[in-house]
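The entries below follow the order in which I checked things.

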Amino acid sequence: MLYQFYQQQIFPHLLNQVMQTPSLMDKRRELLLPVAGEVLEIGFGTGINLPFYQNVDLLYALEPNQDVFKLASERIFASDIDVQHLQARAEHIPLADHSIDHVVSTWTLCSVKRLDQVLQEIQRVLKPTGTLHLVEHVLNTENKKIRQLQHLITPIQKHLADGCRLNRNIELALAKAGFQLDQYDYFYAEGIPKIGQQMLLARAQKLPSS
Ligand SMILES: C[S@@+](CC[C@H](N)C(=O)[O-])C[C@H]1O[C@@H](n2cnc3c(N)ncnc32)[C@H](O)[C@@H]1O
């Protein structure tokens, strides 16, 4: 019961605050600048990306957690973009095959239960020329001690942060799913604890055979 109270009443507000860390806001701006047209955002959260979209007409905002999505209402109201909420998980995206130009994921691939299935779903809904734009925290590529800590802490982190895993190798998962990284940049985000500080900003396209 206490956990349910935490999940419904406290966690969404914590998420909304942490996800507005200035270094993360800078990366949102960089990631979303070239995104235009019809867009699917998976794990829309509290809608923090909305003001960063410059030329987006229609945004499918896929977010399964109602308690989190409620906190997006003011941002949606203030935005000129047509925002259509999809109350669904990214493991089953309720959109047609090859219908979307741009899919966006900002710190969501850490939280989905079935990363392999989600990446296949993104492949399915993307047009052949479509792009997945992402920024995610990752399994540390440079520091073995941090990697070990990430494996150790992840079971606790999953409970405290609604399924978030600290130890996902996103680059490897993308390659396995048949994505090709056109652009990628590993960086350390200021103001984030060392255990989750290394991040990947990337743009990925489907390989021709996918
Ligand atoms: C760390 S938050 C990031 C929120 C938002 N993308 C942002 O940048 O502020 C992860 C989000 O993924 C959502 N999520 C969790 N599991 C999901 C799933 N299977 N499919 C889609 N979204 C999911 C959570 O509800 C949460 O809103």
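Which polar backbone atom lies 2.8 Å from a nitrogen atom of the ligand? I looked this up in what is a predicted model, and found that the backbone atom belongs to alanine 90.

I then turned to side chains, and noted that an oxygen atom of the ligand lies 2.6 Å from an N or O atom in the side chain of glutamate 63. For threonine 106 I likewise read 2.6 Å, between an N or O atom of its side chain and an oxygen atom of the ligand. On its own the ligand has 590 Å² of accessible area, and I noted that the protein covers 94% of this.

Next I listed the surroundings of the ligand, which come to 20 residues, with Arg28, Gly43, Glu63, Glu91 and Thr106 as the closest. Sorting this shell by class, I recorded nine nonpolar, six polar and five charged residues.

I went on to the pockets, and found that the ligand takes up the space of the largest pocket, in which about 1200 Å³ of space lies. I recorded 47 residues in the lining of this pocket, and those that lie nearest its centre are Phe11, Leu15, Ser111, Ala161 and Cys164. The elements that give two or more residues to this lining are α1 (2-18), α2 (22-32), β1 (36-42) and α6 (144-160), and I noted that α1 provides the largest share, with five residues.

Technical notes. Residues numbered from 1 in each chain as written. Predicted model: local features only at pLDDT ≥ 70, side-chain atom pairs only at ≥ 80, totals over all residues. Heavy atoms only, no water. Near = heavy atom within 4 Å. Polar contact = N/O pair within 3.5 Å; in protein donor to acceptor, adjacent residues only side chain to side chain. Areas by Shrake-Rupley, 256 points an atom, 1.4 Å probe, with all protein chains shown as cover. 1 Å grid on protein atoms, 1.4 Å probe; cavity = no way out; pocket = protein on both sides within 12 Å on 5 of 7 lines; lining within 4 Å. Sits in = over half its atoms within 2 Å of the grid points. Nonpolar A, V, L, I, M, F, W, Y, C, P; charged D, E, K, R; others polar. Points joined across faces, edges and corners; volume = space filled by probe spheres on them. Helix = DSSP H or I, 4+ residues; strand = E, 2+ residues; numbered from the N terminus.
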